[in-house]
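I open this notebook to record what I look up in a structure that is new to me.

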Amino acid sequence: MGKTIITINRESGSGGRKIAFRLGELLGIKVYDKAAIEGIKTYKPENKKITSREAYYAQIQKMRDLAANESCIFVGRTGFRVFKDDPNALKIFIFADRDVRIKKMAEKFGVDEETAAQRIDDVDNARETYTKYFASASRYEVRNYDFTINVTNYTIEEVAQRIAENIKKEKEI
């Protein structure tokens, strides 16, 4: 298989992160989410505070360095924008009906549906604000992606399998 870069943005409660990790298992590709990317150390002069913009550019550089050396899946982190012009990149947006997302979040966190809905709104708003501020783009703009997938009626396994099948067919793995 040639080098593959997959970026997955998602709505809160859609299962996008779980889909990314299952897809990584199916394809044998490492998955990097916020925690993994932020956990990779970068050089910083001692006693120097870096701005959020400097931290963002360092994160982008980490992502590009990883993608230059291996196939990888990036969850969030404006990956669709970072690899906008990369011919090896497949950019995916995962979404689901709001009522389904609310039920999943209520179950996951053991909260009532009103609290789950507020949590979804807070996370989605924070992600959109982050994306607009750093990438000057909306993560909801479908033109940013090669695929947008409504996962409302599918399991994580079904979605991951379908994406993997398409990638294998395209890359002739």
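The entries below go from the overall fold to charges, salt bridges and backbone angles.

**Entry 1. Overall form**

I note at the start that this is a predicted model. I counted the secondary structure elements and found 7 helices and 5 strands in the protein. Read from the N terminus, their order is β-α-β-α-α-β-α-β-α-α-β-α. I then looked up the radius of gyration, which is 17 Å; the globule rule gives 16 Å for 173 residues, so the protein is as compact as a globular protein of that length. Along the principal axes, the C-alpha atoms fill a box of roughly 45 × 45 × 25 Å. Of the 173 residues, 42% are buried.

**Entry 2. Salt bridges**

How many salt bridges does the structure hold? I found 12. I followed some of them in detail.

I began with Glu11 and Arg101, whose side chains meet in a salt bridge with an N to O distance of 3.4 Å. Glu11 lies in the loop between β1 (5–10) and α1 (16–27), and Arg101 lies in helix α5 (residues 98–109), so this pair ties together parts that are 90 residues apart in sequence. I checked the accessibility of both partners. Glu11 counts as buried because its relative accessibility is 12%, under the 20% limit. Arg101 is buried too, with a relative accessible area of 5%.

Arg101 has a further partner: it forms a salt bridge with Asp124, in which the closest N and O atoms are 2.9 Å apart. This pair links distant parts of the chain, with Asp124 in helix α6 and Arg101 in helix α5, 23 residues apart. Both Asp124 and Arg101 are buried. I recorded that salt bridges with shared partners join Glu11, Arg101, Asp124, Glu128, Lys132 and Arg139 into one network.

I made a separate note on Asp124. Its relative accessibility is 6%, so Asp124 counts as buried. I also looked up a distance from Asp124 to Glu157, which is 33 residues away along the chain: their C-alpha atoms are separated by 24 Å.

I next turned to Asp33 and Arg17, whose side chains form a salt bridge at 2.6 Å, N to O. The two residues are 16 apart and link distant parts of the chain, Asp33 being in the loop between β2 (30–32) and α2 (34–39) and Arg17 in helix α1.

**Entry 3. Charged patches on the surface**

Which residues form a positive surface patch? I found Lys18, Lys104, Lys108 and Arg119. I looked up one of these, Arg119, and placed it in helix α6 (residues 113–135). Arg119 has a relative accessible area of 33%, which means that it is partly exposed.

I then recorded a patch of negative charge on the surface, where Asp97, Asp99, Glu107, Asp112, Glu113 and Glu114 gather. The elements that give two or more residues to this negative patch are α5 and α6. Glu107 counts as exposed because its relative accessibility is 69%, over the 50% limit.

**Entry 4. Positive phi angles**

I closed my reading with the backbone. Most residues other than glycine have a negative phi. I therefore noted two residues with a positive value.

Arg77 is not a glycine, yet its phi is positive, at about 60°. Arg77 is found in the loop between β3 (72–75) and α4 (79–82). With a relative accessibility of 13%, Arg77 counts as buried.

Ser136, also a residue other than glycine, has a positive phi near 50°. I located Ser136 in the loop between α6 and β5 (147–150). Is Ser136 buried or exposed? Ser136 counts as exposed, since its relative accessibility is 60%.

How values were computed
Residues numbered from 1 in each chain as written. Predicted model: local features only at pLDDT ≥ 70, side-chain atom pairs only at ≥ 80, totals over all residues. Heavy atoms only, no water. Patch = residues over 30% accessible without salt bridge, like charges linked within 9 Å, V, L, I, M, F, W, Y side chains within 5 Å. Areas by Shrake-Rupley, 256 points an atom, 1.4 Å probe, with all protein chains shown as cover. Salt bridge = Lys/Arg side-chain N within 4 Å of Asp/Glu carboxyl O. Lys, Arg positive; Asp, Glu negative; His and termini not counted. Charge placed at Lys NZ, Arg CZ, Asp CG, Glu CD. Helix = DSSP H or I, 4+ residues; strand = E, 2+ residues; numbered from the N terminus. Buried < 20%, exposed > 50% of the residue type's maximum accessible area, 1.4 Å probe, protein only. Rg over C-alpha atoms; globule rule 2.2 N^0.38 Å.
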